[in-house]
Amino acid sequence: MTTLTFAQQYDYSVMGIPDSLKVNASAVVRLDETAIRVTSVKSMLILTRQIVTVLDANGLSSVDRTFYYDKSSKITNLEAIVYDTNGKEIKRIKKKDFIDHSVADGFSVFTDNRALSMDYTPTGYPFTIEVKSEIETNNTGVIRPWLPVNAYNQSLMKSEYRISYPTDMELKSKEYNFSGFDVKKIQTQASRIYVIENIPALRYEEYAPSVTKLFPFVRFGLNKFALEGTEGVADSWKDFGLWMNEKLLNDVKEIPLETQLSIKKLVEQEKDPIAKAKKIYKYVQDKTRYISVQVGIGGWKPMKAADVDRLGYGDCKALSNYTKALLEVVGIPSFYTVIYGGIQRQDVLDDLVSIQGNHAILTIPYEDKNYFMECTSQTTPFGYQGKFTDGRMALLIKPEGGELVKTDETSDVENSQKSKGSFVVDAQGDFKGEVVILSGGTQYESKYLLSRKAKEEQDKFYKNYFFNIENLKVNTLQFEDDRDNVQFKETVNVQAEHYATLSGERILFPANAFNVNRLVPQRYRSRKLPFQIERGYQDYDEIIIQLPQGYVVEGLPQNTILNTKYGDYKTEYTLQGTDKVVVIRSLLLKRGKYPKEEYEEFRKFMEITARNDNAKISLIKNK
């Protein structure tokens, strides 16, 4: 039996934490140890011991509270002990006290994939909790990574990661962010050890990158492994893809004859393969629903396509495999695709051949173009790459082997919103207006589901979106969802009382009613972190303002032009005749990664745009 080597006597009191590690911290990880013993291709033992002092409610996420198991993995030991501020034991939580539940409750097909979760609600802060676990598994394809600090506002006293393996196996790894940290690394013929101590907490700062970009982080893989009961070799992506196709995908793609006939009839009038694929994609969206069982938790082998067909639901692996099987019925080739899903992009690494990714999509190659399909969504247009899977390296599983490709990515300019409208301000200061908004790229993603929401939710959205118009009343809404061109059109008719301020013979009101930038980044006296604009966008607005009868323009806002490395901004105010003002506004925000020294310059750019977006028009009664 492998055991952790910590001495059992330990100072659990909060007094045992250096003051320097309490600064900016919601949690202090006192000890974090992982000991992994790979005894053979089909056997691995994982032991963990974690001692965390939780200083406030935000620090609860630093505690390991959920442990997963399935038919290939067994939790042989699990225990937690809670201590008060002075280090006195106040509660002991045994394995039997953890809540045992399915990772997809209510769906019997996934009963093999379960979890034990700690049910503990603290009575006060701070407190310290120690959690020990021991897991035996037959799956050696996924090796727990080492990430000693995994959150902002989390400090670390000590982390130690140990892994041992047979001498006839090779441990592959990829190390990140070691520069500037005192990481102790010990390598022998059949083991590896990493140790790091005393890392102060970093306070989160706006636009900061993920902690995986800042703190030491190591990914691992074995050249020989077992997964889902089958052995594999990870010498190259080609070989890995061959193994995955043959062992995990080939025997789960059978479709019932009745469904085959229905699919053939569905597309019989279509000649173009992509037109056929669109119909099949819509068929899957209408027939199935998504169950969230992440890759790595629910196993890596998809459930059978026939089961998805019968039950009408599945996770990302199951729905991607099902769609692939339906496309094969009508002779359209497609490739099961492994990817890291998430708003913050993460690549499948080309130089670490191993089981990677946490999500599955489907790729259709046609005429030198790849169409990437998110099969878990019941609403996403065919081939649309949203923020969850755009612009990152993914692994295609082809019959001839694995191949890395980059998913589609829209440019800053393509992430567009174009507005054209008009409004009237009357002599009482009341407002009536209508605007047509056309959204594309990632801005489409934030809008297209509006048409499916209840009227109350739609009204709430626009009252928040047009936040600068107080007392807003939404009169009418019209939506057009052009799924083929991925454009969403909104026609919004609104009114409001007291939009303008009346002062004697003058009327004062904001020129920009429909698209005001309110995202002014926080000011930092001493910025600590670099910053990143993950995705850029472009807005263009053209609005005509009808002035009240009997009033003339006393003053218009100044025209503004800003050109910076972070973005471009332009406003133009033109008097048309005597009773109309035309307002043209454009804002381009550029994606990029920048050093902390440039943050204040970026912040000022955004502050100026927000200030100019609130510029006012002054009218005076015509005598």
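Predicted model: local features only at pLDDT ≥ 70, side-chain atom pairs only at ≥ 80, totals over all residues.
User: What order do the strands take in the open sheet of 8 strands?

Analyst: In a regular strand the side chains alternate between the two faces of the sheet. The order in this open sheet is 25-26-24-23-30-34-33-32, and its pairing is mixed. Strand 25 (472–482) and strand 32 (560–563) are the edge strands, each of which pairs on one side only, while the twist from one strand to the next averages 10°. Inside the sheet, strand 24 (residues 431–440) pairs with strand 26 (residues 487–496) over 10 bridges in the antiparallel sense, with V436 standing opposite T491 in strand 26.

User: Which strands does helix 7 lie across, and at what angle to strand 25 does it run?

Analyst: Helix 7 (residues 455–465) lies across strand 23 (416–425), strand 24, strand 25 and strand 26, and it runs at about 105° to strand 25. The loop between helix 7 and strand 25 holds N471, whose phi is near 60°, a positive value in a residue other than glycine. N471 is exposed, since its relative accessible area is 51%.

User: Where is N198 found, and is it buried or partly exposed?

Analyst: N198 is found in strand 12 (residues 191–199), and its phi is likewise positive, near 55°, in a residue other than glycine. Because its relative accessibility is 49%, N198 counts as partly exposed.

User: Which residues does the cis peptide bond join?

Analyst: The cis peptide bond joins Y125 and P126, with omega at about -5°. P126 has its place in the loop between strand 7 (114–117) and strand 8 (127–137).

User: How many cavities of 30 Å³ or more are there, and what lines the largest cavity?

Analyst: Rolling a probe the size of a water molecule over the atoms shows where empty space is left. The count here comes to 2 cavities of 30 Å³ or more. The largest cavity holds about 80 Å³ of space, and its lining includes S419, N512, F514, D541 and R585. Strand 30 and strand 34 are the elements that give two or more residues to this lining, and strand 34 supplies the largest share, 3 residues. By class, the lining of the largest cavity has 6 nonpolar, 3 polar and 2 charged residues.

User: What can be said of the second largest cavity and its lining?

Analyst: The second largest cavity holds about 40 Å³ of space, and among the residues that line it are W237, F240, M244 and W300. Helix 1 (residues 237–249) gives the largest share of that lining, 3 residues, and the lining divides into 7 nonpolar, 2 polar and no charged residues.

User: How many residues line the second largest pocket, and which of them lie nearest its centre?

Analyst: The second largest pocket, with about 1,100 Å³ of space, is lined by 36 residues, of which Y207, K387, L519, Y537 and L589 lie nearest its centre. At least two residues of the lining come from each of helix 6 (442–445), helix 7, strand 29 (531–533), strand 30 (537–546) and strand 34 (580–589). The lining of this pocket has 18 nonpolar, 10 polar and 8 charged residues.

Terms used:
Residues numbered from 1 in each chain as written. Heavy atoms only, no water. Pairing = 2+ DSSP bridges. Helix = DSSP H or I, 4+ residues; strand = E, 2+ residues; numbered from the N terminus. Axes fitted to C-alpha atoms, helices over the stretch in contact; angles between N-to-C directions. Contact = heavy atoms within 4.5 Å. 1 Å grid on protein atoms, 1.4 Å probe; cavity = no way out; pocket = protein on both sides within 12 Å on 5 of 7 lines; lining within 4 Å. Points joined across faces, edges and corners; volume = space filled by probe spheres on them. Nonpolar A, V, L, I, M, F, W, Y, C, P; charged D, E, K, R; others polar. Buried < 20%, exposed > 50% of the residue type's maximum accessible area, 1.4 Å probe, protein only.
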